[in-house]
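Load the model in your viewer and keep the selection panel open. Each stop below gives a selection and what is there.

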Amino acid sequence: MRQILSFLFLAAACTSMLQACSDREVDPNLGPYASSDTTNGGGTTPIAPSNYDEQYRPQVHYTPKRNWINDPNGLVYANGTYHLFYQYNPQGNGWGNMSWGHATSSDLLHWTEQSVTLTRDALGDIFSGSAVVDKDNTAGFGKNAIVAIYTSAGSAQQQSIAYSTDGGNSFAKYDGNPVIASTSADFRDPKVFWYEAGSKWVMELATGNNHSIELWSSPDLKNWTKMSEFTSSTDRCNKGQWECPDLFPLDYKGNEKWVQLVSTNPGGPVSGSGTMYFIGSFDGTRFIADQDFDYPLWLDYGSDNYAGVTWNNTSGRRTYIGWMNNWNYAGSVPATPWRSAFTLPRDLKLIEYQGKPLLASTMVSETETLSGEWREATDGMLRNTDACQLQVTMPTTQNWTLTLQNAQNDQYAITYDAPSRRIIADRGTRTGASSFAANFAIPSVNMPINTEGNEVTLDLYIDRSSVELLTSTGSAAMTNVVYPKAVYHRLSTTVTPSLVRVRDLKRVWP
């Protein structure tokens with residue numbers, strides 16, 4: 001991905017030994033480490049199955065068989081297959097040796113881990129980026145070639161491309177890399193899309209601590225021209241590093257609006273990492289944010305939804321997935337032999353709230369294929385043995401607390417404050433393991449419900465090491481990782497819900 005402040009010592013060490021690092025071979029005996037980068041002669045054999053049943057291993061969220069992951073990269077849909085590339089360390093369970101891992105799916109939920117796609121070279125590590133389907137062969141690599149655009153992170157951050165002519169199974173790096181040269185240490189995470197009205201490719205690049213997003217254009221993915229720069233006049237938005245931009249149109253009441261995602265760290269809604277969004281217009285050259293908002297607006301109010309972007313080449317939907325972790329403690333969470341997971345994929349849309357557009361997120365409809373039959377849980381027993389979806393309808397006119405527990409008395413409490421119409425989650429020391437990082441236990445993670453009416457329906461997607469809470473309309477979301485001794489399977493409330501039901505979610509692993 002990039003040099004986060006807490007990892008600067010790693011970046012400095014690797015920079016000082018850049019040539020030595022560049023020549024390092026990936027050990028194929030450590031797992032899914034045979035590169036499918038054809039310039040390196042890598043293979044493309046999928047990873048051998050695992051039982052994926054270790055303590056804290058998510059059962060409905062994607063994780064690699066082993067080792068560190070962070071940002072989702074290169075999200076693209078082609079020939080009936082969703083491709084999920086991501087920041088990956090082929091050599092260990094901590095940040096470093098950044099490469100592109102790869103998984104594929106036909107339904108966004110059941111993923112097959114493939115071989116590592118891109119590994120470091122003389123230009124440096126392979127940091128975050130995107131992928132597109134070049135249907136008109138603008139780059140000359142072939143009609144419908146999949147082109148990956150990524151940051152080469154060495155002594156500087158520069159933009160490079162690689163291409164696949166076999167549907168994303170293997171990639172060759174372009175001989176003319178970098179396609180955008182730079183001497184900057186803060187210039188990364190290219191998100192590219194085809195702008196039909198201008199018959200051109202548009203790239204967004206984040207400038208880290210400079211708090212801006214640059215917009216570039218190209219006719220062929222090789223030759224790029226800077227068009228404009230987006231910044232925010234709101235001081236609260238200019239905290240930490242700006243990263244992982246994404247710009248896309250959505251319908252709002254029959255009109256087109258554009259949404260700009262910007263991940264920021266530190267400076268999130270709780271502490272550490274978070275993802276802001278801006279709503280505005282794009283004329284093919286410049287994104288201009290509407291000014292009638294109290295920025296920042298947050299995609300997710302929890303601690304653990306960062307660096308997310310959307311899939312390219314999906315018709316009629318805008319589907320998002322995020323990294324379910326936080327740079328405050330990412331390297332310390334008690335997950336082994338893997339570290340970190342991704343959120344469940346969500347569809348994004350604009351809805352109206354208090355006369356303004358609001359970015360809403362709901363779980364993709366494909367999640368229904370994992371779902372068992374609904375059953376009532378009025379006695380407080382969820383009767384789940386693993387991942388589940390809990391749905392409760394609660395009053396908005398009075399205070400209440402909803403508590404998830406297990407038999408070991410780990411608990412995750414969610415309180416509603418009626419005067420402020422906000423939900424406050426206690427992701428504190430009682431949720432389970434928390435002593436692995438001094439800043440993990442947070443007793444007050446809060447979000448507005450962003451909805452009117454006397455009741456609110458909440459959907460809680462509970463896995464072994466996470467709780468994703470969304471309002472039923474998608475008006476607000478809160479994602480937090482937790483590490484209880486066993487999955488939460490009991491519920492208590494201080495007021496009686498008008499609806500409380502639960503259904504099991506079938507594990508996605510073989």
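**Stop 1: the nonpolar cores.** Select Phe278, Leu390, Leu404 and Leu460: they have the most contacts inside the largest nonpolar core, a set of 71 residues. That core takes at least three residues from each of domain 1 (67-363) and domain 2 (371-505). A nonpolar core here is a set of buried Ala, Val, Leu, Ile, Met, Phe, Trp, Tyr and Cys residues joined through side-chain atoms within 4.5 Å. Buried means under 20% relative accessible area, exposed over 50%, and partly exposed in between, with a 1.4 Å probe and protein chains only. Now select Val60, Ile69, Val309 and Trp323: they are included in a second, separate core of 40 residues. In soluble globular proteins, nonpolar side chains tend to be buried together.

Before going on, note that this is a predicted model, where local features need pLDDT of at least 70, side-chain atom pairs count only at pLDDT 80 or more, and totals for chains, interfaces and linings use all residues. Residues are numbered from 1 along each chain as its sequence is written, and side-chain values use heavy atoms, with hydrogens and water left out.

**Stop 2: around Phe278.** Which residues does Phe278 touch, not counting residues up to four places away in sequence? Among them are Phe230, Trp242, Trp258, Phe287 and Tyr295. Contact means heavy atoms within 4.5 Å.

**Stop 3: aromatic pairs.** Rings of Phe, Tyr and Trp (its six-membered ring) pair if their centres lie within 6.5 Å; planes under 30 degrees apart count as stacked, over 60 as edge-to-face and the rest as tilted. By this rule the count is 40 aromatic pairs. Select Trp68 and Trp323: a tilted pair, 6.2 Å centre to centre, with 55° between the planes. Trp68 sits in strand β1 (residues 67-78) and Trp323 in strand β19 (residues 319-323), so the pair links distant parts of the chain, 255 residues apart. Strands are DSSP runs (E, at least two residues), numbered from the N terminus. Trp68 is buried at 0% relative accessible area, and Trp323 is buried at 0% as well.

Next, select Phe193 and Phe282. Their ring centres are 6.2 Å apart and their planes are at 70°, so the pair is edge-to-face. Phe193 lies in strand β9 (residues 188-195) and Phe282 in strand β15 (residues 274-282), so the pair ties together parts 89 residues apart in sequence. Both are buried: Phe193 has 11% relative accessibility, and Phe282 has 8%.

For a cluster linked by ring pairs, select Tyr52, Tyr62, Tyr77, Tyr82, Tyr86, Tyr88, Trp111, Trp311, Phe342 and Trp509.

**Stop 4: Ser170.** Go to the loop between β7 (157-164) and β8 (172-173); Ser170 is there. Is Ser170 buried or exposed? Ser170 counts as buried, because its relative accessibility is 12%. Its side chain makes a polar contact with the side chain of Asp166, at 2.6 Å. A polar contact is a pair of N or O atoms within 3.5 Å; within protein, one must be able to donate a hydrogen and the other to accept it, and residues adjacent in sequence count only if both atoms are side-chain atoms.

**Stop 5: the two domains.** Colour domain 1 (67-363) and domain 2 (371-505) separately. These bounds come from an automatic or database domain assignment. The domain centres, taken over C-alpha atoms, are 29 Å apart. The contact takes 27 residues from domain 1 and 28 residues from domain 2.

Notes: Helices (H or I, at least four residues) and strands (E, at least two) are DSSP runs, numbered from the N terminus.
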